[in-house]
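Subject: Structure for you to look at

Hello,

Here is the structure I promised to pass on. Please open it first, then read my notes below.

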Amino acid sequence: MSKKLAVIPEQCSGCSICELVCAIKHFGVNNPKKSAIRVLTTYPHPVMRMPIVCSQCKVAPCAQVCPVDALRRVDGVVQLIEKECISCYQCIEACPFGAIYAHEDCDLPIKCDMCGGDPECVKACPKGALKLIPEAALGESKRLNNALSYAQMKEIEFYEKGEKRIIHYAEIGKEEL
Amino acid sequence: MSIKSGYFKKQLHVDLTKGSAESRDLSDAFMEKYIGGRGFGAKLVWDNLKRHNFKIDPLAPENLLVIAPGPLTGAYLPSSGKNSFIAISPATGLYGDSSIGGSFGVELRQAGLDLLSITGRAQEMSVLFIDNGETTILTMPELKGRSCLEAEGMIKERLGTHAVHVAVIGVGGENMVKFACVNTDWGRNAGRTGIGAIMGSKNLKAIVVRGDKDLPVHDLNGLMAENDKACKYMKEHKYFKMWQQEGLMNVIEYANEKGILPAYNFKDSVFAKHDQINGATMLESYKIGDSACFSCPMCCSNICLVKHGKYTGTVVEGPEYESCAMLGSNLGIESFAAVLSANQLCDELGIDTISTGSVVAAIIEGYEKGILSLSDLDNREITWGDEDAILELMRKIAHREGIGDILAGGAYRIIERWPEMDKLVLHVKGLEQSAYDSRPSITMALAYATSDIGAHHARAWTIAREMEQGQSWSDEEKVDYVIYHQKLRPLFDMLGVCRLPWIELGLSELHYENFYKYVTGNEVTLEQLLELSNDIYDLTRIINTRLGASRKDDSLPYKVWANPPLTGPNAGRVIDREDFNRLLSLYYQKRGWNEDGIPPPEAGAKFED
């Protein structure tokens with residue numbers, strides 16, 4: 001089953017720990033500017049902290065523009081074949097999310113390889129803003145939240161073993177017009 | 001014992017009068033002895049004072065401004081984003097420093113610098129741009145009068161990139177308000193001791209940094225293992241989640257319950273409407289996100305937005321406890337939205353929330369007591385909780401309009417103008433007191449009195465422990481506890497890390513011995529590091545005493561002796577002068593200073609090299 005790296009930006013605190021562990025894993029250096037994931041921070045309009053990381057697209061624009069076919073999708077991950085890459089950086093320009101990075105010290109573009117299936121960033125994120133989830137579950141939380149926002153939420157109070165409890169329920173379509 | 005890594009060994013010295021920038025090498029001995037942060041700063045400030053025969057006007061071009069992260073800044077360990085600003089303070093005329101979290105210091109390190117020093121005065125409003133170690137001084141007169149955020153936006157536009165970190169002053173700094181701050185990362189301010197005014201006096205609107213170098217680490221595997229241990233401890237702590245959610249805002253409830261929350265210019269130490277400005281209110285209606293310093297799992301900073309009412313659209317990184325107490329309960333403000341608005345205004349104007357809240361509260365009480373007349377207030381009445389008048393007065397401070405011009409001069413200027421205000425302005429050495437009421441805690445009073453920068457809690461924060469278990473402490477235990485804080489807390493600032501994992505979650509300070517060892521390769525014990533930190537405390541004391549300070553300045557605000565809190569658990573309590581003087585003498589004795597608080601003449605020799 002193919003797993004995807006999902007980002008929950010509202011959970012992100014901008015601590016950059018994901019960047020640090022990525023750089024340490026791939027380059028062995030304490031340098032957040034050598035990571036394949038970066039937290040984009042904007043303020044105050046809009047206030048946003050958004051980790052930008054490769055989506056491992058099935059139809060990958062980076063792979064499509066690569067003139068030497070050095071980006072290939074293998075086991076659900078768009079892999080950079082290092083010995084074939086010529087570092088023209090067309091992939092960086094082509095990625096609609098800006099999720100491939102360059103650094104002066106590095107000969108090749110810095111691209112997420114999902115750490116072979118067990119991403120360090122997911123393990124290190126102290127806020128649970130990065131999750132590894134089955135592909136089929138993508139969008140699940142959005143579906144749920146969206147559905148809930150349509151529903152008329154009501155609540156009933158009741159007592160269970162002497163303790164007050166509240167149950168919320170959705171009364172869909174009963175709204176008075 | 002030797003430094004093997006952890007530093008770039010580089011200082012950048014900028015002379016704004018000459019428009020020059022010079023890279024200097026740092027010696028191993030210097031790094032070993034002074035570590036970084038305020039250690040570097042105190043040494044450079046001391047050398048500069050000697051060069052000028054101890055006669056430096058803080059706002060003159062020759063006052064050296066030092067910006068110093070530490071060797072651990074940016075390293076993979078909990079909350080390593082700290083950076084210090086050090087100079088002779090315009091508020092106190094003595095040694096001053098202020099530290100920030102966020103990422104500015106990390107970027108400075110990644111630009112290949114351990115230390116930045118700035119002297120002189122630019123002819124026109126300027127911006128210092130350090131791009132991976134290459135320095136440019138940009139002339140940008142168009143930034144004059146711009147708020148911190150506006151200016152940051154304009155600078156980024158001019159440079160054509162957002163991938164920089166900016167330390168910027170607002171109108172408050174330009175107008176040399178004695179408590180002007182330096183704003184970084186939007187909401188992180190080096191708030192205390194008036195560092196912003198020094199940048200203003202130098203015509204330096206902003207320092208912009210970009211850097212992408214590897215941070216030198218001696219043993220990365222060792223560092224990772226130590227970090228894993230520390231993070232595991234923190235994440236398993238029962239209050240870890242609470243810190244992530246509420247951050248420092250949880251202290252409002254605690255302070256109110258314990259009777260140490262400033263209310264109405266410290267007339268009281270509990271606030272009836274505390275539940276309208278506390279963490280729970282913030283979580284329920286205002287918080288929209290977390291904000292962490294670099295590499296910090298605790299993310300104690302909040303992002304708040306006002307969604308309804310007259311302050312709709314106000315968005316702030318913060319508030320934290322100090323800002324919320326000083327701009328809330330201490331001014332009698334009962335609405336969290338109004339607190340946010342005041343905090344945002346301070347951030348935009350570039351003035352310190354603590355000092356601003358303190359001087360405005362003193363003015364309100366001064367008017368209430370008849371010390372100030374309506375015409376003193378430019379015919380605009382001001383009373384507790386009067387949000388419009390308070391916000392207006394803050395603007396006037398930063399712009400130095402009317403009465404604002406006097407307030408902008410800080411505690412000393414206010415007392416000079418209205419001598420009776422000496423009883424109402426809470427300050428030590430000219431620095432307005434931060435938001436912990438010391439009247440029920442004599443160790444906290446001693447901490448404020450002997451803090452090298454004035455009445456701030458950065459050097460020692462002993463109040464919580466004393467209130468929990470200090471009832472039976474002997475004088476000796478009290479003094480020892482203050483001195484231990486004054487060794488350890490500044491060590492965090494020297495290393496370039498945050499003290500909150502230690503003070504709030506109880507993360508053992510021994511981790512920092514290991515962090516230092518893994519980053520620098522220098523095998524020293526915590527005890528040795530604490531001694532180095534203690535040396536810096538001696539050095540800042542030598543600086544202060546050479547500039548005229550002595551026992552008479554290690555005193556407390558009038559209210560702490562004379563006016564007990566009106567209600568709450570500590571109603572009726574004040575600090576007894578005799579008790580205090582006895583502790584102070586013992587404190588001097590333990591530090592090896594004479595009865596007047598002066599270190600022995602030979603103590604300075606240690607810092608001559």
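Start inside chain B. There, 21 residues of domain 2 are in contact with 24 residues of domain 3. Two residues are in contact if their C-beta atoms, placed from the backbone, lie within 7 Å. On the domain 2 side, strand S16 (427-428) and strand S17 (431-432) of chain B each supply at least two residues. Helices (H or I, at least four residues) and strands (E, at least two) are DSSP runs, numbered from the N terminus. By class, this side of domain 2 has ten nonpolar, four polar and seven charged residues. Nonpolar covers Ala, Val, Leu, Ile, Met, Phe, Trp, Tyr, Cys and Pro; charged covers Asp, Glu, Lys and Arg; the others, Gly among them, are polar.

The model is predicted: local features need pLDDT of at least 70, side-chain atom pairs count only at pLDDT 80 or more, and totals for chains, interfaces and linings use all residues. Residues are numbered from 1 along each chain as its sequence is written, while chains are lettered from A and ligands numbered from 1 in the order in which they are written.

Now the two chains. Their contact takes 23 residues from chain B and 21 residues from chain A. On the chain B side, helix H7 (220-236) and strand S13 (287-291) each supply at least two residues. S13(B) gives the most, with four residues. That side has 16 nonpolar, four polar and three charged residues.

Next, the backbone. A cis peptide bond joins A:Tyr43 and A:Pro44, with omega about -15°. A:Pro44 sits in the loop between strand S2 (38-42) and strand S3 (48-52) of chain A. Another cis bond joins B:Gly318 and B:Pro319, with omega about 0°.

Which residue other than glycine has a positive phi near 60°? That is B:Ser295, in the loop between S13 and strand S14 (301-305) of chain B. B:Ser295 is buried, because 30 other C-beta atoms lie within 10 Å. The cut-offs, with C-beta atoms placed from the backbone: buried is 20 or more others within 10 Å, exposed is 12 or fewer, partly exposed is in between. B:Arg400 has a positive phi near 55°. B:Arg400 is partly exposed, with 19 other C-beta atoms within 10 Å.

Best wishes
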